[in-house]
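Here is a short tour for anyone meeting this structure for the first time. Keep the picture open as you read.

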Amino acid sequence: MRLSKGFSLLELLVALFILSIGLLGVVPLAITTIRLNAFQNQLLNAKFLAERQAEYLKSISFDSQDLSNDGDNSDLDNTINPDHNIIRVMDNITYNVMWNIAENPDGTRTVNIIVQWRSAPRGTIKTYNVTFVRSSYEI
């Protein structure tokens, strides 16, 4: 009677083949997770920039140049020719922070902040918005 010690080459190749099939199923999941993580980081940066701009615009005088309207009250979503814009770079991504102002009949102003960036690696344009109403009355 012969006792075998260890694995044969054929058994080892079959085991490696089964292991590689299992790992190939996990690779697309890992790639998708990495992409989603990168997008969530970009979205978090856009949210931070929009909220920081909103807090700034809430803290300045109602008559400030940064709260001036270009005369068009229907352009709150205009990204081609916004009332105001600044460029910010975070984590090697360029964010265009734009805001449009609309004069309301009750004397308040609606402010729409739009943050746009080109999402890596595909280069699609992504957008994040924050809208609030600003009054001339200060607390």
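Which residue does Asn100 stand opposite in β3? Asn100 faces Asn112 there.

Before going further, a word on where this comes from: this is a predicted model, where local features need pLDDT of at least 70, side-chain atom pairs count only at pLDDT 80 or more, and totals for chains, interfaces and linings use all residues. Residues are numbered from 1 along each chain as its sequence is written, and side-chain values use heavy atoms, with hydrogens and water left out.

**The sheet**

Let's start with the strands. Four of them form an open sheet, ordered β1-β2-β3-β4, with antiparallel pairing. Helices (H or I, at least four residues) and strands (E, at least two) are DSSP runs, numbered from the N terminus. Two strands count as paired if DSSP finds at least two bridges between them. At the edges sit β1 (84–90) and β4, each pairing on one side only. On average, neighbouring strands of this sheet are turned by 20 degrees against each other, direction ignored; the axes behind that angle are lines fitted to C-alpha atoms, for helices over the stretch in contact, and angles run from 0 to 180 degrees between N-to-C directions.

β1 and β2 are antiparallel and share seven bridges, and Val89 has Thr94 as its bridge partner in β2. The hairpin of these two strands has two residues between them, and Asp91 takes a positive phi near 50 degrees there.

**The core**

β2 is mostly covered, with eight of its 11 residues buried. Buried means under 20% relative accessible area, exposed over 50%, and partly exposed in between (1.4 Å probe, protein chains only). The largest nonpolar core has 18 residues, and Leu57, Tyr95, Val111, Ile113 and Val115 have the most contacts inside it. Such a core is a set of buried Ala, Val, Leu, Ile, Met, Phe, Trp, Tyr and Cys residues joined through side-chain atoms within 4.5 Å. Two or more residues each come from α1 (9–59), β2 (93–103), β3 (109–119) and β4 (124–134).

Leaving out neighbours within four places in sequence, Val111 is in contact (heavy atoms within 4.5 Å) with several residues, including Leu57, Trp99 and Phe132.

**Helix meets sheet**

Phe39 belongs to helix α1 and is partly exposed, at 25% relative accessible area. Setting aside neighbours within four places in sequence, Phe39 is in contact with Trp117, Ser119 and Lys126. Phe39 and Lys126 lie 87 residues apart along the chain, yet their C-alpha atoms are separated by 9.6 Å.

**Charged pairs**

How many salt bridges does the structure hold? There are two, a salt bridge being a side-chain nitrogen of Lys or Arg within 4 Å of a carboxyl oxygen of Asp or Glu.

| Salt bridge | N to O distance |
|---|---|
| Lys58 and Glu55 | 4.0 Å |
| Glu103 and Arg109 | 3.0 Å |

Why are Lys58 and Glu55 separated by about one helical turn? Because they are three residues apart in helix α1. Lys58 is partly exposed at 41% relative accessibility. In the other pair, Glu103 is partly exposed at 32%, whereas Arg109 is buried at 12%.
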